[in-house]
Amino acid sequence: LVVLRGDQALTIAQADAPNMGAVSDWSGKLAPSNATASGKVLLAALPERDIARMARRGLRRHTDRTIVDIEPLLEELSRVRRRGFATAVGELEDGLNAVAAPVHDRRGAVMAAVAIQGPAIRITARRLPELASQARSTATAIEGRLGVPAVHKSAGGAAVNDS
């Protein structure tokens, strides 16, 4: 579970998959939002002017896949809003892939992101749609536990009230 702290993605809780062996604990750690699936979900909820301001300060390259220019980042965030999830394939670290979905508050605003990440050998590009669905289901369950009213989400992840 990840929230935005400034321009970075802060992991506030982590659950490890069974049979994963030794896994890095990301809890309490910051990661660059432009290079992570969860960070992209959170950035996609911000106004474009905030993204532009962040890009002017500079986006750090972590691998050759990291998005560091404003136009490609804005295009990626538009895709995230349309699909309702984000992916990061080797953008923070080579061989580390992730998918994330938004968690909404009672007003329908994105308050956090649920991410599934792991080694590329387990989190393959072919599995990303299936894992995106699992991340969305988990996000919906968290919303329910927080008392967020049942809503339908559009493909872009925006909350739409039934009434």
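How many bridges join strand β5 (residues 96-104) to strand β6 (residues 110-119), and do these two strands run parallel or antiparallel?

Tutor: This is a predicted model, in which local features need pLDDT of at least 70 and side-chain atom pairs count only at pLDDT 80 or more, whereas totals for chains, interfaces and linings use all residues. Residues are numbered from 1 along each chain as its sequence is written, and side-chain values use heavy atoms, with hydrogens and water left out.

Strands β5 and β6 run antiparallel and are joined by nine bridges (two strands count as paired if DSSP finds at least two bridges between them). At one place in this pairing Leu96 stands opposite Pro119 of β6. The two strands form a hairpin with five residues between them, and in its turn Gly108 has a positive phi of about 95°.

Of the 163 residues, 39% count as buried (buried means under 20% relative accessible area, exposed over 50%, and partly exposed in between, with a 1.4 Å probe and protein chains only). Among contacts between residues at least 6 apart in sequence, 56% join residues at least 24 apart (contact means heavy atoms within 4.5 Å).

Another hairpin is formed by β1 (2-5) and β2 (8-11), with two residues between the strands and Gly6 in the turn, where phi is positive at about 65°. Four bridges join β1 to β2, which run antiparallel, and Leu4 has Ala9 in β2 as its bridge partner. Strand β2 also runs antiparallel to β3, to which three bridges join it, and Leu10 is partnered there by Leu30. Asp7, in the loop between β1 and β2, is partly exposed, with a relative accessible area of 30%. Not counting residues up to four places away in sequence, Asp7 touches Ser33, Met54 and Arg57.

Leaving aside neighbours within four places in sequence, Thr36 is in contact with Ala9, Ala31, Ala88 and Leu92.

Helix α1 has eight of its eight residues buried, so it is largely enclosed by the rest of the structure. Gly39 belongs to this helix and has 0% relative accessibility, which counts as buried. Apart from residues up to four places away in sequence, Gly39 touches Ala9 and Ser33, while its C-alpha atom lies 7.9 Å from that of Val2, which is 37 residues away in sequence.

The axes of α1 (residues 37-44) and α3 (residues 70-83) come within 9 Å and cross at roughly 85° (axes are lines fitted to C-alpha atoms, for helices over the stretch in contact, and angles between N-to-C directions run from 0 to 180 degrees). That makes α1 roughly perpendicular to α3, a term used for angles of 65 to 115 degrees, while under 35 is roughly parallel, over 145 roughly antiparallel and the rest oblique. In this contact Lys40, Val41, Leu43 and Ala44 of α1 meet Glu76, Leu77, Val80 and Arg81 of α3.

In helix α2 (residues 48-57), Ile51, Met54 and Ala55 are buried. They cover an arc of only 100° around the axis, which puts them on the same side of α2 (the arc is that of the directions from the helix axis to the C-beta atoms). The cover over these buried residues includes α1 and α3, whereas the face turned away from the buried side carries the exposed residues Arg49, Arg56 and Arg57. After α2 comes Gly58, with a positive phi near 110°.
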